[in-house]
Amino acid sequence: MKLPIAILALTSTTTAFAPPSAPHIATSLAAVSKKDTYQITLLPGDGIGPEIMASCKEVLGALTKRCGFTLEMKEALIGGVAIDEAGDPFPDESLEQCLKSDSVLLSCIGGYKANVCCRSVFSLWDSNPRELRPETGLLKMRKSMGLFANLRPAKVLTQLIDASTLKREVVEGVDVMVVRELTGDVYFGTPKGIDVIDGKRVGYNNMIYDETEIERIARVAGDVASKRGGKLCSVDKANVLDVSQLWRDVVTDVITKEFPDVELSHMYVDNAAMQLIRWPKQFDTMVTGNIFGDILSDEASMLVGSLGMLPSASIGEGGPGVFEPCHGSAPDIAGEDKANPLALILSAAMMLRYDLDRAEEADLLERAVEAVLDQGLRTADIKQEGDGCKLVGCIEMGKAVAEIVSTIDIAVEA
C-alpha cells in the first residue's frame, strides 16, 4: 500500500527529533529492508512500564492504520517482573524472542515492588543477589544481543524550554547526541568481585577495552557526527587512565582516517561534565565509554528539563536494536495514570527510523508529539506552574498523540 501524499511530503522535512539530514545512518545502523509486516518484541518491564507501553501501542496502532503496514507485537519478560515470574531477570525465552524480532521496544525496569491498592512497599529487588536484580537482566540483554552503541539525543524543545533548571540563554538551541559504548568498560570487565584480603573486604572491578571495541563505537560516532553538525567530542580520562589513553589513540586514528570531514576534539570527563552545564551549545556529538557515558548522558538529558521526553536507541553490528526511554520505572507513581509516555513514543519513532527503514513514519510520529505539546497538554513531569497548559495523565496523553497521528495534515511542498 502506498503512503498518502501528505505523509510522503515528510521526506523533505525534518522534526525537532530527527537528524537534520540523511535520517538513516546506513554504514553503522543495520535496519531491515522496508516491508509490509514487522515482528516487534515489547518489553513492558516494571513500574510505569506497562502503562506507557499501553499508550505507545495505541499510538503505533493509529500509525500503522494510517500508513498501511503491520507491526505484529508480542510481549516478553525482563526486569523485576521476570524475576518474579521466571526466576531470571532476562529469561532465555525472552532473549530468543528478541533475537527473532525485527526490533525491540523496552519501557523500563527496576525499582521496588509496590502494592498499588494499599500503596505500600513489600519487597525490594535490590536486596536480591546480583544475578537476580533487574539491572542484571538489562546488562545481559545488551551483551547477548551485541548492543554495543547507545544513542541518546538531548534537544531542547521550544515548548518546554522553561522546564529546564538552567537559564534560557544557556539551553536555548541545545541539540546534543551522546554516543555511549555499552558492552565494555568497568561494567563488564573481569576480574571483578568482593574478596577478603588480610581480613578486610575488598571490592574491585576492571576498566578494560580492546581496540576493536573502541574502533566500532568510534565509527558509529563518526557516522552520526557526519550527519549532524560535523563536530565530535571524544570524552575520556587519558591524563590518569591507561585505558583512556588507548581510547583516545584509537578514536583519533578512526576519525582522522575514515571521517576526515568531522572535526574531532578530546575532553577529560570531569571537564566535560562541567562544560555540559556551563555552555552545552558547544557540543554537537559526544562519544565516550560505558561508565562515563552512563553519567554524561543522564546529565545531558536533564538539559531538556525532564527525562520523560527523551528517547534512546541501542544498536549492534547486526540484528535488532533495542529502543527505550531514558527515564526509570518511577514505581512511586505506578498505576496512578501520572506517567509521561512521550519518551517511549519517541523511542518508537527511533525504532521506525533506524531499525525498520520507515523514516517517513518516524517523522509523522515525532511531529505528532510536537503537535500535542503545541496544544498545551502536559503530564506532571513537564507541567510548569502558571504555564497555562492542561495537566493530563498517561492515558489521555497517549490518546491525544494517537488522534493527531490519525488526523494531522502535513502540507505538501511545491
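Predicted model: local features only at pLDDT ≥ 70, side-chain atom pairs only at ≥ 80, totals over all residues.
View A. Aspartate 185 sits in the loop that links S7 and S8. While you are looking at its backbone, check phi: the angle is near 75 degrees, a positive value in a residue other than glycine.

View B. The peptide bond leading from threonine 190 into proline 191 is cis, and its omega is near 5 degrees.

**View C. Aspartate 198, an exposed loop residue.** Here we move on to the loop between S8 and strand S9 (200-204), which holds aspartate 198. Phi of aspartate 198 is near 55 degrees, again a positive value in a residue other than glycine. Aspartate 198 has a relative accessibility of 73% and so counts as exposed, the cut-off for exposed being over 50%.

View D. Glutamate 58 belongs to helix H2 (residues 49-67). With 33% relative accessibility, glutamate 58 counts as partly exposed. Leaving aside residues up to four places away in sequence, glutamate 58 touches Lys399 and Ala402.

**View E. A right-handed β-α-β unit.** Follow the chain through S10, helix H8 (residues 242-258) and S11, and you trace a right-handed β-α-β unit. Strand S10 (residues 231-236) and strand S11 (residues 263-268) run parallel and are joined by six bridges. For a landmark in the pairing, look for aspartate 236, which stands opposite tyrosine 268 in S11.

**View F. Helix H11, enclosed by the rest of the structure.** Helix H11 covers residues 342-354, 13 residues in total. From its first C-alpha to its last, H11 reaches 18 Å, close to the 18 Å expected at 1.5 Å a residue. How many of the residues of H11 are buried? The count is 13 of the 13, so H11 is largely enclosed by the rest of the structure. When you look along a helix, remember that an α-helix has 3.6 residues a turn, so residues three or four places apart point the same way.

Note on methods:
Residues numbered from 1 in each chain as written. Heavy atoms only, no water. Helix = DSSP H or I, 4+ residues; strand = E, 2+ residues; numbered from the N terminus. Expected span 1.5 Å × (residues − 1). Buried < 20%, exposed > 50% of the residue type's maximum accessible area, 1.4 Å probe, protein only. Contact = heavy atoms within 4.5 Å. Pairing = 2+ DSSP bridges. Right-handed = clockwise from strand over helix to strand, strands pointing away.
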